[in-house]
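Hello,

The structure is below, and my notes on it follow.

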Amino acid sequence: MQKNTITLTNNNTGETYEYNILEATRGPSVVDIRTFFKDTGMFTFDPGYTSTASCESKITFIDGGKGELRYRSFPIEDLATEHTYLETCFLLLNSRLPTKEELTDFDLEIRHRAFLHEGLRHLFNAFPDNAHPMATLSASVTALATFYNDHLDMEHEEEYLEMAHRIISKIPTIAAFAYRHSIGTPFIQPDIDLGFTENFLTMMRAYPGGKMHLSPNGHDKIKEVEIRAMDTIFTLHADHEQNASTTVVRNVASTGAHPYVAISSGISALWGRAHGGANESVIAQLEYIGSVENVEAFIKRAKDPNDNFRLMGFGHRVYKNFDPRAKILKGLQDELKAELNLDSELMAIASKIEEIALNDEYFVSRKLYPNIDFYSGVILTALQIPKSMFTPIFVIGRTVGWITQWIEFKQDKTSKIARPRQLYTGD
Ligand code: ACO
């Protein structure tokens, strides 16, 4: 079969170079330029990797033009509405959905592993009061590497799956402890009788004591609808192919560092407000805007090239039509409006921004649509999650994606240490 190729001509020397085009099973093909430097003595230049595929992957597929997202070929819409987050985790790690028995075993294993080593628990005391939970989370996950100094044999599936299950299971506990520490309240231990998502909500909200209470009168229970909403949020964040934090995880993996250190690096990368930190910034911005009457003035600022104000929760490097995760969350938000008492001034401001921006030439021509972070904050607020925990919740959902990408990287026999080059323009 004839290979598709691309030919480049150096217009100075007249030399030509031919490169193979590698076909993708879905989405754009890529030009294989691995020998480009050897052939030409030049590097390619692509800051921000806008045209660069950094790896081959079978995990997640995104068609930004169509607004399509699939994990292991399953559409995100199906996973978010017909499956739980734990099923999604199993799917990402094993490339197929679990049977009923497999799901029961997986669920039990995740419950068992949720407890933290006492030594790690004491580490929290070393952090200052009011430490941001993202900083505590990243440091604690690095510290986890001191307790599980695994020398993993990638030929043995059970070894790396155990390492993956452990981090997926412990992340909600670490996140809840980080939050509890930041507000100075006693930690709530995981409850073996509770499923993944209910357990997390309980560790966030409960009052400690002989019997767990969610309110001083002991009457409140975490509602089914709240568990479902949080579970959906975790599923929507589970993976997103080669975004900034996942690229960081793969780059750290390429040096041979411990997998939990790679995850911790991913957490740090996610914190930035151009990435996962946007969800916290969205609510902070809505509060700053303050009222529906002020929205027009802020939209004007967002459009002003001389003002660095950006509308948080708008725009995406890949989605240029709509973010399918945002669409699902908007649907969920509308559905939960009555049940979770979502009608707030913040929601009114958010709706006004959405209404203006979706019809404004500036946003339309630049294909700037609301992304997942635009909607998640309003729902998380209704679930009694404070702003500082929005990005840690993203971390909880994304951990499975990072660790799956880590495993794929380690199993790829062609993988190399990440070492980009530069265009030197100094003296
Ligand atoms: N508000 C106003 N203008 C914007 C916005 C925004 N939120 N986002 C992009 N633009 C404008 C830029 O000013 C630029 O305009 P120009 O062509 O006139 O110079 C144009 O749109 C393209 O923007 P880039 O920054 O080049 O787009 P890029 O793909 O590099 O950035 C990003 C994507 C970082 C998400 C950006 O849209 C942004 O900063 N959004 C706000 C932060 C945010 O919501 N991040 C969450 C992303 S989703 C996630 O990580 C989970």
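In which helix is the place of Arg-205? Arg-205 sits in helix H8, residues 196–205 (helices are DSSP runs of H or I of at least four residues, numbered from the N terminus). With a relative accessibility of 14%, Arg-205 counts as buried, which means under 20% relative accessible area, where over 50% is exposed and anything in between is partly exposed (1.4 Å probe, protein chains only). A polar atom of the Arg-205 side chain is 3.1 Å from the backbone oxygen of Leu-383.

This is a predicted model: local features need pLDDT of at least 70, side-chain atom pairs count only at pLDDT 80 or more, and totals for chains, interfaces and linings use all residues. Residues are numbered from 1 along each chain as its sequence is written, and side-chain values use heavy atoms, with hydrogens and water left out.

Now the ligand. There are 19 residues around the ligand, and those that come nearest are Arg-310, Leu-311, Gly-313, Phe-314 and Tyr-362 (a residue is near if one of its heavy atoms lies within 4 Å). A nitrogen atom of the ligand lies 2.7 Å from a backbone N or O atom of Leu-311. In the side chain of Arg-317, an N or O atom is 2.9 Å from an oxygen atom of the ligand. For Arg-366, a polar side-chain atom lies 3.0 Å from an oxygen atom of the ligand. On its own the ligand has 930 Å² of accessible area, and the protein covers 71% of that (Shrake-Rupley method, 1.4 Å probe).

Regards

Terms used:
A polar contact is a pair of N or O atoms within 3.5 Å; within protein, one must be able to donate a hydrogen and the other to accept it, and residues adjacent in sequence count only if both atoms are side-chain atoms. Helices (H or I, at least four residues) and strands (E, at least two) are DSSP runs, numbered from the N terminus.
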